Amino acid sequence: MSMSTKKIRSALVSVYHKDGLEPVVRKLAEQGVQFYSTGGTQKYLESLGLACTPVESLTGYPSILDGRVKTLHPAVFGGLLARREQDHLSQLAEYKIPEIDLVIVDLYPFEETVLATNDESEIIEKIDIGGISLIRAGAKNFNDVVTVASREEYGLFLKILEEKGAQTDLADRRELARRAFKVSSNYDIAIFNWFNEGTADIS
């Protein structure tokens, strides 16, 4: 294994749409990857017969505020943002934070909700906070972490898994990070456009 090749040992999976996910998680499970998850995604993984550790066992907190806060915690983001070098790894060990090598997210469907309803409170609740933060954290740390930022990336990631097993090289991770920031920026633009009522003025 080259220096730039990283093995995936653990994955945080938190997705809105479950379709297309099964072949990806089954392939990861075959490779011995440990899953962390929340809410409906955790139930989905368990329904497939896959072992899954609830995120609340890392954070010490349940999902609170009607699900607005589930993953937003140093025990999650530390594991994603830590560089795999001695100083950061020693801090993870000190605070008993596991490394998270892969994050798979599919965001709340904000644009679909805007098209389906004029109910402002319903639209506001579909502004994803935890998911977008997971995407940005994983993508920032692409040197060490794999980020699959939407179901549109499942196919590419599954191809990597089929060709290489549960490991990626730097080019894979950088390409997935590029796609992740595209997902993130497009999502924020959609939210901005809704607040801005579709005008192009950004002043």
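Modeller: Two packed helices are described by the angle between their axes and the distance between the axes. In this predicted model, the axes of helix H4 (residues 74-81) and H8 come within 8 Å and cross at roughly 30 degrees. Angles under 35 degrees count as roughly parallel, and H4 and H8 are therefore roughly parallel to each other.

Biologist: Which residues of H4 and H8 meet?

Modeller: From H4 come Val76, Phe77, Leu80 and Leu81, and they meet Gly130, Ser133, Leu134, Ala137 and Lys140 in H8. Sorted by class, the contact of H4 with H8 has six nonpolar, two polar and one charged residues.

Biologist: At what angle do the axes of H9 and H10 cross?

Modeller: Helix H9 (residues 154-164) and helix H10 (residues 170-195) have axes that come within 12 Å and cross at roughly 170 degrees. Since angles over 145 degrees count as roughly antiparallel, that makes H9 roughly antiparallel to H10. In the contact, Leu156, Phe157, Ile160 and Lys164 in H9 meet Asp172, Glu175, Leu176 and Arg179 in H10, and these residues divide into four nonpolar, no polar and four charged.

Biologist: Which element gives the most to the lining of the second largest pocket?

Modeller: That is H10, which gives five residues, while helix H6 (110-116) and H10 each supply at least two. The second largest pocket holds about 410 Å³ of space, and of its 18 lining residues Asp106, Glu111, Ser150, Glu152 and Val183 lie nearest its centre. Its lining has seven nonpolar, three polar and eight charged residues.

Biologist: Finally, how many salt bridges does the structure hold?

Modeller: Side chains of opposite charge can pair when their charged atoms come close. The structure holds 13 salt bridges, and in one of them the side chains of arginine 84 and aspartate 101 meet, at 3.3 Å from N to O. This pair links distant parts of the chain, 17 residues apart, with arginine 84 in the loop between H4 and helix H5 (86-94) and aspartate 101 in the loop between H5 and S5.

Note on methods: Residues are numbered from 1 along each chain as its sequence is written. This is a predicted model: local features need pLDDT of at least 70, side-chain atom pairs count only at pLDDT 80 or more; totals for chains, interfaces and linings use all residues. Side-chain values use heavy atoms; hydrogens and water are left out. Axes are lines fitted to C-alpha atoms, for helices over the stretch in contact, and angles run from 0 to 180 degrees between N-to-C directions. Helices (H or I, at least four residues) and strands (E, at least two) are DSSP runs, numbered from the N terminus. Angles under 35 degrees count as roughly parallel, over 145 as roughly antiparallel, 65 to 115 as roughly perpendicular and the rest as oblique. Contact means heavy atoms within 4.5 Å. Ala, Val, Leu, Ile, Met, Phe, Trp, Tyr, Cys and Pro count as nonpolar, Asp, Glu, Lys and Arg as charged, and the others, Gly among them, as polar. On a 1 Å grid over the protein atoms alone, a cavity is a set of points where a 1.4 Å probe fits but cannot get out, and a pocket is an open set with protein on both sides within 12 Å along at least five of seven lines; lining residues have an atom within 4 Å of a point. Grid points are joined across faces, edges and corners, and a volume is the space filled by probe spheres set on the points. A salt bridge is a side-chain nitrogen of Lys or Arg within 4 Å of a carboxyl oxygen of Asp or Glu.
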